Amino acid sequence: MAHDIAVAATGENDHIGIVRDWSADKQVFGVPWGKAMMWIFLLSDTFIFSCFLTAYMTVRMSAVEPWPNASEVFALTLFGHHLPLILIAIMTFVLITSSGTMAMAVNFAYRRDRRKTALMLLFTIILGASFVGMQAFEWTKLIVDEGIRPWGNPLGAAQFGATFFMITGFHGLHVSAGVIYLAVVARKVLRGDYDRNGRYHNVEIAGLYWHFVDLVWVFIFAFYYLW
Amino acid sequence: MEQVAIADQHDEHHEPTSFITRYIWSQDHKVIAVQYGLTAIAVGLIALVLSGMMRLQLAYPESFTFINPIAYYQFVTMHGMIMVIYLLTALLLGGFGNYLIPLMIGARDMVFPYLNMLSYWFYLVSVLVLVSSFFAPGGPTGAGWTLYPPQAILPGTAGFDWGILLMLISLAIFIVAFTMGGLNYVTTILQARTQGMTLMRMPLTVWGIFVATILGLLAFPALFVSALMMLLDHVVGTSFFMPALLSQGQLTDHEGGSPILFQHLFWFFGHPEVYIVALPAFGIVSDLISTHARKNIFGYRMMVWAILAIGVLSFIVWAHHMYVSGMHPWFGFFFAVTTLIIAVPTAIKVYNWVLTLWRGNIHLTVPMLFAIGFIFTFINGGLTGLWLGNVVVDVPLSDTYFVVGHFHMVMGLSPVLVIFGAIYHWYPKITGRMFNDTLGKLHFWLTFVGAYSIFLPMHYLGMLGIPRRYFANLTTDFIPESAQDMNIGITAAAIFVGLVQILFLINMVWSLRHGKPAGGNPWGATTLEWQTPQTPPAHGNWGPTLPVVHRWAYDYSVPGTAEDFTPQNVPVSPGHDTEDEEART
Ligand code: HEM
Ligand SMILES: [Cu+2]
């Protein structure tokens, strides 16, 4: 009996302990405020993309004309081979690779390795920029060759082009903004700003944003191209 | 990496030197708060004038040549949108959030003051864009504050060309502004509290603003996305929300879109928006009641959990605004259930306010009058909300004046009363001077009685079946003629209430110079903002050292203490002179 009470009491304390830790004074998370702020921003941004994707699924289901077959529309003929989704595959690969180089940049940043951090950031920037470049190519091909417009297309439902341009465009803007953001951070790294003020964690904060943008792409890829 | 808590970091806020950096491009949260507040009140006055014109038209249809049906719709739309977004949201979060968060949690400023400053300037731009639509070709949009497509962008609706465009752009800018401010509020509360200020010691005002801001950060995205999609439908010619239809005898270029999708997105934002406005008001009113009744808030922990529960639930009730949209009845059932569940934590809060007043040492100061007025009004609006939450009751009442009466009670009058109470309560801190008490009391009674004369009769008109958003109800068989008399009475009250606000403005301006010096803590309040070394608080708020918190925010009339309040930064002496559970365990 007494034993039971003791167990119950410790259980109770554990639970209170968690609440205590969380609601300790000064700060809830043991991280710089910039990082906490970035997390919260990304949560908000998640809701934006979720709304986009939900809206896309809704209009796709309610569209009155047939939905074009994505793997056909996004096929390229390379060296005489007809390759469905090849460009998207490459783009996805590039973006995921850039997440890798970003992670390395963060790692070097914590080791305070100024040059390697900057170098890895540069790789990330190049990969990100080439993603945007390939996206521009894809858009051009759709618009010029296939005649797909936001307001209509010869292959079926007008919402196909509308959602495509809206969602990939919005994501592309995120990538472009990320490229600029990383360039600013890289410059500060190179100049040695963070060596002076000790704020190397700013590289990690930029990294959070970058990984998020990659993750969103995976969802867009799955829902838009593979469905 | 060793992490230094923000509250312990070396102070980096440099004292502004010139007039411009001090009052215009200021990064000080207090100045930004006042900028937000004044701008919001200025647009709010526009919305008030618009409501007066609507009321004139409804009382004396066919008398005013400058109010035609088109103009009436424009007034309704701009009135509703300005009140909800540009006045209430901006004033409660941008205004009170900015002013109170750092002061109440013992911080020197927001964590990212520059972003905070940008937030205000984006807000100002969004207001200017909105107001510019009055001067655009075709005038502002007349689509109703809900902006439902297809009609919002079809010829036949006022401002279908420019008006709606500017409205959507303005909303998008507002959301950007809100996000910049909101990130600051949330992060500051989470990460920059002073020593001893645990989450469970924060004043309820901070809790309300905190949860409301999170709601905003998660709900505004839906409005942003729907605004963007409607912009594309309108400007580029996509068909997200536009089905194939005939407009003025012509087939439009649209096909296959879903108008219901817009309604879902809009209300996924729209319902939490009600709580974005309500939760800060709940929090503030709790503190007003506790301070002016000289009693600790009843059930502090329950109040916090209720705020959190309401916040979560508010995301799964949105379709109670769509019972008549033709959605599946099972959805209606689901949303009715969740809507009624949300009444539980809400009712807990109301009971706790009343129990706080119970046997309190009630000082009927001006802020307290407004707080008590709020409790009445909120109960009133909450009860009609229970009616409307039920599908079978809502269907006949939907789109009648009953709804207009309901939402004006619950999200029009209630938050406005709290805002007035809050302005009177913190005016001495913000300006260093007391307002004129007699004028303030007069303002309360005339506003309260006047506003009830506006909104109570509306419920009755609604039950008669008078539709909402009608320009004139002239020769309709089912409406008795006496309804028109009532309309005239409502209008008289509305004009009266509008004019009474001049008393408020005069009081605010007059007291700036002629009010009695307030001293640091005129109400004998416990929370930190009243314990600043200077009043009004100087840049950096606290002088050389931050305050240290030893107790919760509600040590009023604790037995065994000399005064009837003990500020949060007073250490707990051996003996029991605090009601704070944490300090005692
Ligand atoms: C003296 C104060 C006020 C008066 C006299 C007033 C009057 C009115 C009137 C006459 C309408 C139009 C009803 C119709 O024709 O359907 C209306 C609509 C509305 N009002 Fe107020 N109002 C006042 C304050 C407020 C406040 C403080 C809010 C803040 C939430 C508010 C929010 C709205 C909304 C959202 C609408 C609906 C607009 C629409 O149907 O699109 N009003 N008001
Ligand atoms: Cu609702």
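Me: What is the geometry of the site of the iron atom of ligand 1, and how many donor atoms does the site have?

Reply: For six octahedral donors, the ideal angles at a metal are 90 or 180 degrees. In this predicted model, the iron atom of ligand 1 has 6 donor atoms with angles of 87 to 180 degrees among them, and its site is octahedral.

Me: Which residues are the protein donors of the iron atom, and through which atoms?

Reply: The protein donors are His79(B) and His408(B), each through NE2, at 1.9 to 2.0 Å from the iron atom. His79(B) belongs to helix H3 (residues 69–105) of chain B and His408(B) to helix H12 (residues 401–431) of chain B, so the pair ties together parts that are 329 residues apart in sequence.

Me: Is His79(B) buried or exposed, and is His408(B) buried or exposed?

Reply: Residues under 20% relative accessible area count as buried. His79(B), at 11%, is therefore buried, and His408(B), at 16%, is buried as well.

Me: Which side chains have polar atoms lying close to oxygen atoms of ligand 1?

Reply: An N or O atom in the side chain of Tyr72(B) is 2.6 Å from an oxygen atom of ligand 1. For Arg468(B), a polar side-chain atom lies 3.0 Å from an oxygen atom of the ligand. Helices H2 (29–59), H3 and H12 of chain B are the elements that give two or more residues to the shell around ligand 1.

Me: How many residues surround ligand 1, and which element gives the most?

Reply: The shell holds 23 residues, and H3(B) gives the most, with 7 residues. By class, 14 are nonpolar, 6 polar and 3 charged.

Notes:
Residues numbered from 1 in each chain as written. Chains lettered and ligands numbered in written order. Predicted model: local features only at pLDDT ≥ 70, side-chain atom pairs only at ≥ 80, totals over all residues. Heavy atoms only, no water. Donors = N, O, S within 2.8 Å, 3.2 Å for Na, K, Ca; no water. Tetrahedral: all angles 85-135°; square planar, octahedral: opposite > 155°, others 65-115°. Helix = DSSP H or I, 4+ residues; strand = E, 2+ residues; numbered from the N terminus. Buried < 20%, exposed > 50% of the residue type's maximum accessible area, 1.4 Å probe, protein only. Near = heavy atom within 4 Å. Polar contact = N/O pair within 3.5 Å; in protein donor to acceptor, adjacent residues only side chain to side chain. Nonpolar A, V, L, I, M, F, W, Y, C, P; charged D, E, K, R; others polar.
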